[in-house]
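The paragraphs below take one region at a time.

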Amino acid sequence: MTETKQLPVTPGLAGERADAGIAKLMGMSRSAVAELLTSGLVSMDGVVIGKSDRLQEDAWLTIELPAPKNQLEIVPVSVDGFRVVYQDSDIVVVDKPAGVASHPSVGWDGPTVGGALLGMGIAISTSGAHERQGIVQRLDVGTSGLMVLAKSERAYSILKQAFRDRTVHKVYHAVIQGLADPLAGTFDAPIGRHPKHEFKFAVMQDGKPSVTHYETLEAFPSASLVEVVLETGRTHQIRVHFSTFRHPLVGDTMYGADPVLAAKVGLDRQWLHAMRLSFEHPTTGEMVEFESEYPADLRHALDVLRGH
């Protein structure tokens with residue numbers, strides 16, 4: 001039995017190849033979307049399209065999704081650029097490259113954090129839903145940087161509570177379009193599921209409380225580098241807040257970024273990196289802190305913006 005999805009093409013995805021644009025829209029891997037397209041399961045305004053066809057603004061997509069498997073499996077895999085920053089008997093901190101999902105989900109056939117760890121022979125906690133075992137926080141597929149996972153049941157319980165209590169300090173760096181005014185400030189605006197786009201989120205009056213602090217670090221002619229501290233951890237929080245206040249992240253065409261600028265700096269994902277992570281160790285009680293460097297694609301985009 002298949003499931004039918006009907007979704008409008010958002011302005012930021014107009015002109016993109018169907019496989020790339022739909023992958024961003026639905027949070028699926030590009031290869032999984034390409035398979036749907038080559039199987040004739042995607043139409044735009046009633047016309048079946050292929051993976052290289054271009055999406056048209058305000059058109060409606062009809063997507064037939066095959067029935068999901070009963071259980072999402074964590075498959076061991078080797079991932080280039082995936083790095084273990086720290087591990088002991090209770091926790092493992094990883095530096096996740098873009099293109100790796102935090103956990104398996106319907107429509108995603110690419111690598112996952114759990115799969116990459118299993119591929120390295122590192123077992124994580126069995127607490128949580130099968131496909132989310134050991135997961136106490138998540139990063140978007142297109143976001144790189146630091147994540148902590150639990151290896152013991154005790155660590156899982158304590159870390160989950162720490163994230164709920166907002167005692168984990170999370171620092172991101174992002175490049176936004178334009179220059180924020182004021183140069184430093186706070187977004188305090190609730191976020192919920194977008195009323196028209198199933199796979200997007202938006203500032204909503206009845207959404208969950210969401211607080212984002214930012215400070216400008218460097219300004220360029222068309223963009224600026226900001227440091228972001230999250231007080232809450234909603235899905236797409238940084239992307240939604242900056243987009244809502246007219247400064248979408250460079251490369252984030254799903255949330256209204258300029259595709260021309262994205263192409264100029266060579267990005268096919270949002271410029272967003274989980275830079276620093278600090279928390280109280282779940283068993284020793286000591287404060288631990290970890291830091292990550294920008295990956296090559298984000299460094300290149302900065303070089304272009306700086307005119308190097």
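Gly110 counts as partly exposed because its relative accessibility is 25%; buried means under 20% relative accessible area, exposed over 50%, and partly exposed in between, with a 1.4 Å probe and protein chains only. Gly110 sits in the loop between S6 and H3. Helices (H or I, at least four residues) and strands (E, at least two) are DSSP runs, numbered from the N terminus. Between the C-alpha atoms of Gly110 and Val141 there are 9.7 Å, although 31 residues separate the two in sequence.

This is a predicted model, in which local features need pLDDT of at least 70 and side-chain atom pairs count only at pLDDT 80 or more, while totals for chains, interfaces and linings use all residues. Residues are numbered from 1 along each chain as its sequence is written, and side-chain values use heavy atoms, with hydrogens and water left out.

Next comes the interior. A nonpolar core is a set of buried Ala, Val, Leu, Ile, Met, Phe, Trp, Tyr and Cys residues joined through side-chain atoms within 4.5 Å. The largest such core holds 28 residues, and Leu117, Leu149 and Phe242 have the most contacts inside it. Among the elements that each supply at least two of its residues are helix H3 (113–119), strand S7 (144–150) and helix H5 (237–244). Another core, of 21 residues, lies apart from it and includes Leu25, Leu37, Ile63 and Leu65.

How many of the 8 residues of H5 are buried? The number is 6, so H5 is largely enclosed by the rest of the structure. The buried ones are Gln237, Ile238, Arg239, Val240, His241 and Phe242. Leaving aside residues up to four places away in sequence, Phe242 touches Ile176, Phe187, Tyr214, Val226, Val228, His247, Pro248 and Leu249; contact means heavy atoms within 4.5 Å. After H5 comes Arg246, with a positive phi near 70 degrees.

Now turn to a pair of helices. The axes of H1 (residues 18–26) and H2 (residues 30–38) come within 8 Å and cross at roughly 120 degrees. These axes are lines fitted to C-alpha atoms over the stretch in contact, and angles run from 0 to 180 degrees between N-to-C directions. H1 and H2 are therefore oblique to each other: angles under 35 degrees count as roughly parallel, over 145 as roughly antiparallel, 65 to 115 as roughly perpendicular and the rest as oblique. Ala18, Asp19, Ala20, Ile22 and Ala23 of H1 meet Arg30, Val33, Ala34 and Leu37 of H2.
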